[in-house]
Amino acid sequence: MAFQWRFLVLASLLIAALPSAPGARAAEPQVPVLWDAKERLPKPDLSALPRLRFLTTTDFPPFNFLDGTGKLSGFHIDLARAICAELGIADKCQIQALPWGELEGALEKGEGEAIIAGIAATPQSRQTYAFSRSYLQFPARFITSKNKAFAEPVFDKLRSKRVGVLAGSAHERMLRDYFNTVQIVSFDGPEALYSDLKAGKIDAAFGDGMRFAFWLGGSDAAGCCRFAGGPYLAPEYLGTGMAIATRADNPALAAALDYALQEISMKGAFAEFYLRYFPVSFF
């Protein structure tokens, strides 16, 4: 257990120490940088590619949605366009929205070349798709009231504290394994968890950083609370984050997407998209 805890703290500190990408705003809010700046991926030759059609959905805000004018918008839409521009094939690119249940079939039938809609890269899904590297991961975070905030290392600071978490979630399992000195208070839904945190009935809450970020930035939180400690990336509990899916027999396209994603990150465009759609950073 001690080894697990030290590893998690190290991962958290490494993330916190990552510099913001060039062109990003100041250190606060933090922007995730998931690429090794020392690794340079080869630029692909896509001259023979007839087109690149991204498939997505319309019901996954802020990643992909229809705005007030009915225009397809969102983080994924901006990212897909930036990928096409980085690869020099903007004139060959299209983005099409379909119901979630139709994405896999459309890709298999050749009605698109890539899915950018949040498909998780798991051992099972890798039997169907080739994936780019992850471009966004979802760390676990603690939130507390503003007058109880704490910084790393948090293990001893949380000893015997009442920490809320959603019952049966991966975050509950992670909390029990990594922070086993806390008093765990399980909740059936987020509303009750947030209510008890605001009322001071629990000392902290532990869960998905992105969902916490939206709550912290919303009217319901009313400025009561803030992130404390972390962020914690634990793929064995939380998965490896978001990646772009292509057909399993097209790993070359997945590699080309990796090149574009790295360039977008290193040049600062990814930071711009992240701050645009996640003004309360979950990193």
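A residue counts as exposed when its relative accessible area is over 50% and as buried when that figure is under 20%, with partly exposed in between. Keep that in mind as you click around this predicted model.

**Stop one: A222.** Select A222, in the loop between helix 6 (209-216) and strand 12. Its relative accessible area is 64%, so A222 is exposed. Check the backbone while you're there: phi is near 50°, a positive value in a residue that isn't glycine. For background, most residues other than glycine have a negative phi.

**Stop two: S160.** Here's another non-glycine with a positive phi, this one about 70°. You'll find S160 in the loop between strand 8 and strand 9. With 45% relative accessibility, S160 counts as partly exposed.

**Stop three: two cis bonds.** Stay in that loop between strand 8 and strand 9 and pick P153. The peptide bond joining E152 to P153 is cis, with omega about -5°. Now jump to P62, in the loop between strand 2 (59-60) and strand 3 (64-66). The bond from P61 to P62 is cis too, and its omega is near 0°. In general, most peptide bonds are trans.

**Stop four: strand 8.** Select residues 140-145. Is this strand mostly buried or exposed? Six of its six residues are buried, so strand 8 is largely enclosed by the rest of the structure. Next, bring up its partners.

**Stop five: the cavity.** Which residues line the largest cavity? Select P32, V33, L34, W35, Y135, L261, S265 and F270. That lining divides into seven nonpolar residues, one polar and no charged. The space has a volume of about 50 Å³, and the structure holds one cavity of 30 Å³ or more.

**Stop six: salt bridges.** There are 13 of them in the structure. Start with E39 and R133, whose closest N and O atoms are 2.8 Å apart. This pair links distant parts of the chain: E39 is in the loop between helix 1 (2-17) and strand 1 (52-56), while R133 is in the loop between strand 7 (129-131) and strand 8, 94 residues apart. E39 counts as partly exposed at 28% relative accessibility, and R133 is partly exposed at 35%.

Move on to D78 and R276, whose side chains meet at 2.6 Å, N to O. D78 sits in helix 2 (residues 75-87) and R276 in helix 9 (residues 269-277), so this bridge ties together parts that are 198 residues apart in sequence. Compare the two ends: D78 is buried, with a relative accessible area of 14%, whereas R276 is partly exposed at 46%.

Now try R247 and D249, a salt bridge with its closest N and O atoms 3.2 Å apart. R247 is partly exposed at 27%, and D249 is exposed at 56%.

Methods. Residues numbered from 1 in each chain as written. Predicted model: local features only at pLDDT ≥ 70, side-chain atom pairs only at ≥ 80, totals over all residues. Heavy atoms only, no water. Buried < 20%, exposed > 50% of the residue type's maximum accessible area, 1.4 Å probe, protein only. Helix = DSSP H or I, 4+ residues; strand = E, 2+ residues; numbered from the N terminus. 1 Å grid on protein atoms, 1.4 Å probe; cavity = no way out; pocket = protein on both sides within 12 Å on 5 of 7 lines; lining within 4 Å. Points joined across faces, edges and corners; volume = space filled by probe spheres on them. Nonpolar A, V, L, I, M, F, W, Y, C, P; charged D, E, K, R; others polar. Salt bridge = Lys/Arg side-chain N within 4 Å of Asp/Glu carboxyl O.
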